[in-house]
Amino acid sequence: MEQFIIKGQRPLSGEIKVGGAKNSALKILAASLLSDKKWRVKNVPQIEDIERMTDVLKDLGVEVLSIGSGYYSLDASRAAKTDLDPKLTRRLRASIMLVGPLLARHGRVRFSHPGGCVIGKRPIDIFLAGYKALGAEIKERGGGNYEIFARKLKGTTFVFRIVSVTATESLILTSILAKGKTILKNAACEPEVVSLADFLNSCGAKIKGAGTSTIEIEGVNSLSGGEHTIIPDRIETGTFAIMAAALNSHIKITNCNPSHLDALWVMLNNVGMKLDIGKNYVIVEPSGRLRAVNLKTHEYPGFPTDLQAPFTVLLTQAHGSSLVHETVYEGRLFYTDILNQMGANIIMCDPHRIIVNGPAKLYGQKVTSPDLRAGIALVIAALLAKGETTLGNIYQIDRGYEKIEERLQALGASIQRIREK
Ligand code: EPU
């Protein structure tokens with residue numbers, strides 16, 4: 001097991017480049033199962049979750065070749081296996097993205113409830129209801145094991161009971177080769193959904209309305225080969241901006257798409273940050289006194305739940321009391337206990353709401369990363385803290401941020417990766 005040793009209270013400066021979006025790349029890789037022609041995908045982040053996804057794809061028989069840094073060639077023409085190996089999918093929530101393509105291409109799939117971050121219950125009822133509406137037969141084998149069959153998937157109208165990003169993407173993938181038209185209502189509008197639909201359309205799919213809450217998919221017989229560049233990771237962009245704000249630092253974030261983060265820029269302005277926002281860069285400038293604000297997470301284009309934990313760390317440095325309302329997950333505020341151990345003054349009102357009283361002095365501690373986004377929030381807290389922090393379970397951070405310590409060292413941070421004794 002590896003750890004980070006972080007020495008705090010050093011301002012950061014310089015430029016940091018954003019990588020390809022984890023939550024886009026995972027879906028594009030999974031979608032490769034739908035085509036028997038070659039796909040080439042660029043700007044894929046070199047992170048643990050992508051490793052896990054390529055492991056599962058290879059196990060299914062997909063030829064995955066790395067043809068350059070973050071550049072892959074995918075060929076699913078000989079992939080015939082339809083059982084997802086639970087040992088491989090246990091650590092990857094996004095493995096659920098493979099179910100739709102396998103069902104669409106082979107008419108059968110067997111899988112276990114997917115693993116991933118411990119941030120709430122994370123059920124799959126919406127996926128199952130969607131497959132069923134498209135004509136699939138679902139057999140629950142007990143112990144979270146499922147077998148799904150479909151002789152021929154048929155277009156339908158499906159209304160999501162709540163907005164779900166991966167369920168929206170999954171039903172797009174499941175209906176692409178179905179007979180007739182599928183209409184998805186109350187669909188997720190995230191940029192990753194739009195990017196997936198754009199690429200699939202370039203391969204011959206007929207998807208209209210991605211980026212709005214109603215998406216229409218006209219089934220086609222097959223998908224062609226194609227080439228795609230993964231969009232910049234908006235969560236990484238936001239993480240770096242919040243980190244710079246918390247550390248009162250001057251940082252230029254490049255290779256990003258700031259238009260995917262409008263709600264974050266509004267909140268940073270409200271806190272009192274000065275920002276220069278360009279088409280593909282953001283400059284964060286030292287601000288002085290930070291103000292408390294109330295924050296509510298929301299589906300896109302609202303404030304992303306994946307930036308809630310980093311923003312909460314920023315709020316520990318703001319003057320006054322901030323209310324943070326996490327509306328998406330019921331288990332995504334428990335890391336605040338760890339921030340309190342480090343000196344923060346955060347009161348939990350209920351599993352969805354906290355009050356952050358600031359400013360608070362943070363002190364280095366021995367702590368453990370509970371999940372990916374809370375993990376990176378603890379990195380920010382450690383960079384702010386007086387003294388040294390030992391941060392364990394950094395596999396969680398490696399799941400979503402490529403070589404984070406090297407990139408932060410380049411900005412002047414004192415962060416070292418060591419093997420746990
Ligand atoms: N939900 C259900 N039933 C379902 C599916 C979802 O009740 O069948 C609930 C979830 O439990 C949650 C809510 O719906 O309370 C919304 O979750 P959603 O399904 O939108 O989340 P997701 O698609 O599983 C993706 C990202 C998450 C990100 C959320 C919200 C991927 C692989 N994951 O998850 O990313 O937090 O959307 O934007 O795209 C991360 O990167 O750290 C991460 C957790």
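This is a predicted model: local features need pLDDT of at least 70, side-chain atom pairs count only at pLDDT 80 or more; totals for chains, interfaces and linings use all residues.
1. Start here when you open the structure.

2. A polar side-chain atom of T166 lies 2.4 Å from an oxygen atom of the ligand. For K22, an N or O atom of the side chain is 2.9 Å from a ligand oxygen atom. As for cover, the ligand has 830 Å² of accessible area on its own, and the protein covers 92% of that area.

3. **Where the ligand sits.** Which pocket holds the ligand? The ligand sits in the largest pocket.

4. **Make-up of the shell.** The ligand is surrounded by 24 residues. The closest are S164, T166, D306, V328 and R373. By type, the shell divides into 11 nonpolar, four polar and nine charged residues.

5. Is L128 buried or exposed? L128 is buried, because its relative accessible area is 14% and the cut-off for buried is under 20%. Y146 is 18 residues away from L128 along the chain. The C-alpha atoms of the two are separated by 9.8 Å.

6. The relative accessible area of L173 is 0%, so L173 counts as buried. Take I217 as a reference point for L173: the two are 44 residues apart in sequence. In space they are 9.5 Å apart, C-alpha to C-alpha.

7. **I215, in strand β12.** I215 belongs to strand β12, residues 214–218. I215 is buried, with 0% relative accessibility. Between I215 and S112 there are 103 residues of separation in sequence. Their C-alpha atoms are 28 Å apart in space.

8. **Cis bond at Y300 and P301.** Please check this peptide bond in the model. Y300 and P301 are joined by a cis peptide bond, with omega about 10°. P301 is found in a loop, between β17 (295–296) and α10 (308–315).

9. **Cis bond at G358 and P359.** A cis peptide bond also runs from G358 to P359. Its omega is near 0°. Where is P359 found? P359 is in the loop between β20 (353–358) and β21 (366–368).

10. **Positive phi at N255.** N255 is not a glycine, yet its phi is positive, about 60°. This residue is placed in the loop that runs between β14 (250–254) and α9 (262–271). N255 has a relative accessible area of 42%, so it is partly exposed. The range for that class lies between 20% and 50%.

11. **Positive phi at N393.** N393 is not a glycine either, and its phi is positive at about 55°. Look for N393 in the loop between β22 (388–392) and α13 (395–398). How is N393 classed by its relative accessible area of 22%? N393 is partly exposed, because buried requires a value under 20%.

12. **N43, in a loop.** N43 has its place in the loop between β3 (39–42) and α2 (48–59). With 32% relative accessibility, N43 is partly exposed. N43 and R289 are 246 residues apart in sequence. From C-alpha to C-alpha, they are 37 Å apart in space.

How values were computed: Residues are numbered from 1 along each chain as its sequence is written. Side-chain values use heavy atoms; hydrogens and water are left out. A residue is near a molecule or strand if one of its heavy atoms lies within 4 Å of it. A polar contact is a pair of N or O atoms within 3.5 Å; within protein, one must be able to donate a hydrogen and the other to accept it, and residues adjacent in sequence count only if both atoms are side-chain atoms. Accessible areas come from the Shrake-Rupley method with a 1.4 Å probe; for residues, only the protein chains shown count as cover. On a 1 Å grid over the protein atoms alone, a cavity is a set of points where a 1.4 Å probe fits but cannot get out, and a pocket is an open set with protein on both sides within 12 Å along at least five of seven lines; lining residues have an atom within 4 Å of a point. A molecule sits in a cavity or pocket if more than half of its atoms lie within 2 Å of its grid points. Ala, Val, Leu, Ile, Met, Phe, Trp, Tyr, Cys and Pro count as nonpolar, Asp, Glu, Lys and Arg as charged, and the others, Gly among them, as polar. Buried means under 20% relative accessible area, exposed over 50%, partly exposed in between (1.4 Å probe, protein chains only). Helices (H or I, at least four residues) and strands (E, at least two) are DSSP runs, numbered from the N terminus.
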